[in-house]
Amino acid sequence: MATALKAPTTSHGLLHPKQSSTSKEEMSVRHYSDQLVTGHIYAQHRDDDSTKIDLPNYISVIESIITTADRITETVHRGSEGRVVYSDDSLASNVVIEPPLCTLHHISSELSCKAPGIEKAHETTLKIFEILANYPWEAKAALTLLAFATDYGDLWHLYHYSHTDPLAKSLAIIKRVATLKKHLDSLRYRQVLLNPKSLIQSCLQAIKYMDEIREFSKYDVKELPALPAALRLIPLFTYWVIHTIVASRIELSSYLSETENQPQLYLNELSDKITSILTDIERHLYAIGDLKEEVDLYRWLVDHIEHYHTGIPLVISKLVGGRPETNPIIDGSTQKEVGIHESLSEKNVILLISGLDISEDDIRALHKIYDELKARNANYEIVWIPIIPEPYHEDDRKMYEHLRSTMKWLSIQFTTKISGMRYIEEKWQFREDPLVVVLNSNSKVEFMNAIHLIRVWENEAIPFTQARTESLLKKHWPESTLLKFTHQPRLPNWIKSKKSIIFYGGKNQAWIQQFEEKVEVLKSDPLIIDGGSFEIVRIGKDAIGEDDPKLMARFWKVQWGYFIVKSQIKGSSASETTEDILRLISYQNEDGWAVLTVGSAPVLVGRDVLILRLIDDFPKWKQTLRLKAFPDAFREYFNDLAMKTHQCDRVILPGFSGWIPMIVNCPECPLFMETGISFKCCHGGTHM
């Protein structure tokens with residue numbers, strides 16, 4: 001059995017010895033610090049739920065008793081001795097409980113006939129803790145309040161019927177109910193009872209709050225990180241609720257027995273304490289409630305997007321605003337507000353989710369998609385969901401308005417806080433890069449992140465299905481990723497005639513110049529001329545022949561997009577295509593690189609050093625051209641060089657949204673590439 005904590009002593013530095021023999025008003029609630037009370041509770045008591053009660057039903061019964069008794073009291077106070085008319089249906093509730101009668105009698109006995117003052121209330125509270133040792137914390141408080149309510153309700157019930165029922169009259173006389181009447185006008189009485197903010201009503205509210213907190217326990221604490229802190233406070237709240245009930249019962253007994261009341265300072269301090277507790281609980285409930293709404297919405301979205309497919313307007317409304325109805329969205333074609341339900345009903349939806357840093361290239365590509373869909377009269381709508389971190393700034397608004405003015409499709413309004421952000425981040429894996437999710441009219445995801453499809457194939461990606469993607473992947477990858485980045489007018493004829501072509505580029509202009517000079521010498525060799533020669537095509541120049549950094553940035557996004565789509569559809573294991581494209585990606589920061597094709601069919605991908613050495617070593621392998629075609633001889637000697645050299649390949653995966661491969665085969669050998677962590681800082685400047 002738990003040992004009782006005696007009143008605080010000087011050893012705790014909280015009280016002076018003389019206080020035990022001086023006026024009771026000198027003993028204060030502040031001497032029973034939360035730290036001291038909590039320390040004792042955790043040391044001597046535990047949250048034992050071996051004996052449970054149906055707390056919501058108990059709360060309902062307690063509230064019914066107190067409310068009805070207060071109604072009778074109010075009629076008596078007004079001088080009306082007639083029967084109370086019950087108009088509130090809740091008071092006629094059919095709630096049934098099976099209370100532990102002997103335990104209630106035991107508690108009631110502890111509450112009765114106690115001397116006033118904080119020390120006796122504290123001592124009694126600890127005894128009640130022992131009586132209710134096998135009950136959860138909030139059940140301890142509820143049963144104590146039920147014992148109080150039973151006695152309080154019994155008093156006024158007897159008085160109410162004493163005018164017509166002789167038995168009730170006799171019992172009311174014995175219990176001295178009539179003596180309560182003269183206290184009904186006193187502020188002290190209304191501090192304890194009757195007032196909506198009285199001590200007893202506050203205790204009832206605190207128990208309701210504790211029940212709410214406990215109900216949240218069915219959630220994973222990882223989902224509600226604010227919950228553990230609230231749960232840890234329940235024992236302390238329970239102590240002060242029971243302490244307040246005890247003090248209130250002592251005050252009520254003093255009216256009946258016409259003995260000494262509780263010190264007024266003590267009652268005032270209890271009022272302040274219980275108000276403080278309610279404020280504290282409300283703060284925790286508010287924090288937990290916000291998280292719970294997020295969790296409930298997340299679970300709803302999981303169910304209705306991934307399992308029980310639901311009409312697209314409802315899903316978009318919940319995803320954006322967390323409610324079945326949300327703010328109107330803006331139609332970019334008319335610049336007018338439209339409702340989500342009227343604009344999206346029965347439509348397939350392409351969700352564009354991005355920050356305000358979405359590139360002009362991506363917007364331009366989406367405009368092509370939009371125009372093509374409208375030209376086909378396809379049943380699609382594009383919806384832009386801007387992700388704008390709070391707090392919002394005026395520059396954010398200006399950028400939002402600018403971007404929205406360039407979009408023909410539907411847009412979520414600027415001030416909309418996206419309620420389903422957790423789902424977007426965890427399930428759709430939104431990161432830095434724009435995310436494009438294609439859903440059908442029943443909210444089934446047709447393609448998880450179509451931004452890569454759009455970047456690589458633009459209009460050809462429509463209708464964004466796996467079957468369409470697999471069809472596109474059957475093309476040679478240079479046709480999808482290289483040809484669009486050159487302005488060579490004769491390239492289509494070279495492709496058609498299956499001519500050998502070396503596509504090349506790089507970051508170092510000196511390497512590019514050196515490569516071009518060496519190639520010109522190579523092309524003049526008679527064996528090359530006799531073998532059909534080859535052509536070179538520079539990647540990275542605009543229509544007038546100038547270097548174009550923006551073009552190259554888009555070029556590398558396309559290479560990544562192809563690799564991610566290929567890996568996602570075909571699996572992340574190595575294949576000739578994914579090896580070639582990943583090898584090219586790994587050369588992004590090299591001085592130079594080259595891709596040899598026959599027509600659009602890839603032959604090899606090489607880095608700067610090997611390519612120049614291959615050309616320099618032409619005298620060593622030129623004779624093979626008498627037996628083999630140029631691309632075969634070129635590849636054979638290149639492979640020999642590659643086997644003799646060793647250089648680590650390094651790939652830094654950008655912050656793309658959506659699925660990305662977590663395991664990548666090395667493009668140069670059969671091993672998996674090591675996974676590391678890369679840190680980057682642009683010092684507040686633009687990401688490059």
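**Cysteines**

I looked up C113 and found it exposed, because its relative accessibility is 75%. I note that the model is a predicted one. C102 also counts as exposed, at 66% relative accessibility. I then searched for disulfides and the count came to zero.

**Salt bridges**

I searched the whole structure and found 37 salt bridges. I examined R422 and E223, whose closest N and O atoms are 3.6 Å apart in a salt bridge. This pair links distant parts of the chain, with R422 in helix α16 and E223 in the loop between α9 and α10, 199 residues apart. R422 is buried, because its relative accessible area of 17% falls under the 20% limit. E223 is likewise counted as buried, at 18%.

I next looked up E458, which forms a salt bridge with K368 at 3.3 Å between the closest N and O atoms. E458 lies in the loop between α17 and α18 and K368 in helix α14, 90 residues apart. E458 is partly exposed at 23%, and K368 is partly exposed at 37%.

I also recorded K628 and E636, whose side chains meet in a salt bridge at 2.1 Å, N to O. K628 has a relative accessible area of 34% and E636 one of 35%, so I list both as partly exposed. I then traced shared partners: salt bridges join E223, R299, R422 and E426 into one network.

**Negative patch**

I found D290, E293, E294 and E425 gathered in a patch of negative charge on the surface. Helix α11, residues 264-307, gives the most to this patch, with three residues. D290 is in helix α11 and counts as partly exposed, at 40% relative accessibility.

Key:
Residues are numbered from 1 along each chain as its sequence is written. This is a predicted model: local features need pLDDT of at least 70, side-chain atom pairs count only at pLDDT 80 or more; totals for chains, interfaces and linings use all residues. Side-chain values use heavy atoms; hydrogens and water are left out. Patches are made of residues with over 30% relative accessible area and no salt bridge: like charges are joined within 9 Å, nonpolar side chains (Val, Leu, Ile, Met, Phe, Trp, Tyr) within 5 Å. Accessible areas come from the Shrake-Rupley method with a 1.4 Å probe; for residues, only the protein chains shown count as cover. A salt bridge is a side-chain nitrogen of Lys or Arg within 4 Å of a carboxyl oxygen of Asp or Glu. Lys and Arg count as positive and Asp and Glu as negative; His and the chain ends are not counted. The place of a charge is taken as NZ of Lys, CZ of Arg, CG of Asp or CD of Glu. Helices (H or I, at least four residues) and strands (E, at least two) are DSSP runs, numbered from the N terminus. Buried means under 20% relative accessible area, exposed over 50%, partly exposed in between (1.4 Å probe, protein chains only). A disulfide is a pair of cysteine sulfur atoms within 2.5 Å.
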